[in-house]
Amino acid sequence: YYHYTECGLNNIYLRNGYKSIKTPRGDAISIHDLDGLHRAIGLLLVTSKKDLSGDDIRFLRQEMLMSQNTLAKLLGVSEQAVRRWETGKIC
């Protein structure tokens, strides 16, 4: 298994779809279909029955290529609210 933390989430482990490669700077991981992997992660996040964490919200927002301000406007909340959600500083 490969613990895939590069996406900003701490709970993603890959069983397949990647390979380890040697580079002049050391070992590296090559993911076969990064866009497909991120789509699958996003789909899992939005269809699961659990509350989204700040990291989950940030991942989804970034995958949609949205700024915090744009997401805030779309949801009818302040940019500060989105920032708080993402950092876990919910009042």
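Is Tyr 2 buried or exposed? Tyr 2 counts as buried, because its relative accessibility is 17% and buried means under 20% relative accessible area, exposed over 50% and partly exposed in between (1.4 Å probe, protein chains only). The views below come from a predicted model, in which local features need pLDDT of at least 70, side-chain atom pairs count only at pLDDT 80 or more, and totals for chains, interfaces and linings use all residues. Residues are numbered from 1 along each chain as its sequence is written, and side-chain values use heavy atoms, with hydrogens and water left out.

**View 1. The aromatic pair of Tyr 2 and Tyr 18.**
The structure holds one aromatic pair. The ring centres of Tyr 2 and Tyr 18 are 5.6 Å apart and the ring planes stand at 40 degrees, so the pair is tilted. Rings of Phe, Tyr and Trp (its six-membered ring) pair if their centres lie within 6.5 Å; planes under 30 degrees apart count as stacked, over 60 as edge-to-face and the rest as tilted. The pair links distant parts of the chain, with Tyr 2 in strand S1 (residues 2-3) and Tyr 18 in strand S3 (residues 18-23), 16 residues apart. Helices (H or I, at least four residues) and strands (E, at least two) are DSSP runs, numbered from the N terminus. Tyr 18 is partly exposed, because its relative accessible area is 22%.

**View 2. The hairpin of S3 and S4.**
S3 and strand S4 (residues 26-31) run antiparallel and are joined by six bridges. Two strands pair if DSSP finds at least two bridges between them. A hairpin connects S3 to S4 through two residues. Tyr 18, seen in the previous view, has Ile 31 in S4 as its bridge partner. In a regular strand the side chains alternate between the two faces of the sheet.

**View 3. Ile 57 in helix H2.**
H2 spans residues 54-63 and includes Ile 57. Ile 57 is buried, because its relative accessible area is 15%. Leaving aside neighbours within four places in sequence, Ile 57 is in contact (heavy atoms within 4.5 Å) with Leu 52, Leu 71, Trp 85 and Glu 86. The C-alpha atoms of Ile 57 and Arg 83 are separated by 9.9 Å, and the two residues are 26 residues apart along the chain. The buried residues of H2 are Gly 54, Asp 56, Ile 57, Phe 59, Leu 60 and Arg 61. These buried residues pack against helix H1 (34-47), H3 and H4.

**View 4. H1 against H2.**
H1 and H2 pack at an angle of about 130 degrees, with their axes 10 Å apart. That makes H1 oblique to H2. Axes are lines fitted to C-alpha atoms, for helices over the stretch in contact, and angles run from 0 to 180 degrees between N-to-C directions. Angles under 35 degrees count as roughly parallel, over 145 as roughly antiparallel, 65 to 115 as roughly perpendicular and the rest as oblique. H1 passes H2 in a left-handed crossing. A crossing is left-handed if the near helix is turned anticlockwise from the far one by less than a right angle, and right-handed if clockwise. His 38, Ile 41, Gly 42, Leu 45 and Val 46 in H1 meet Asp 56, Phe 59, Leu 60 and Glu 63 in H2.

**View 5. H4 with H2 and with H3.**
The axes of H2 and H4 are 6 Å apart, and the two helices pack at an angle of about 120 degrees. That makes H2 oblique to H4. On the H2 side, Gly 54, Asp 55, Ile 57, Arg 58 and Arg 61 meet Trp 85, Glu 86 and Thr 87 in H4. The axes of helix H3 (residues 68-75) and helix H4 (residues 79-87) come within 8 Å and cross at roughly 110 degrees. That makes H3 roughly perpendicular to H4. The crossing of H3 past H4 is right-handed. Residues of H3 that meet H4 include Leu 71, Ala 72 and Leu 75, and their partners in H4 include Trp 85 and Glu 86.

**View 6. The loop between H2 and H3.**
Leu 65 is found in this loop. Its phi is near 55 degrees, a positive value in a residue other than glycine. Most residues other than glycine have a negative phi. Leu 65 counts as exposed, because its relative accessibility is 78%. Ser 67 lies in the loop between H2 and H3 and counts as partly exposed at 35% relative accessibility. Ser 67 and Leu 45 are 22 residues apart in sequence and 19 Å apart in space, C-alpha to C-alpha.
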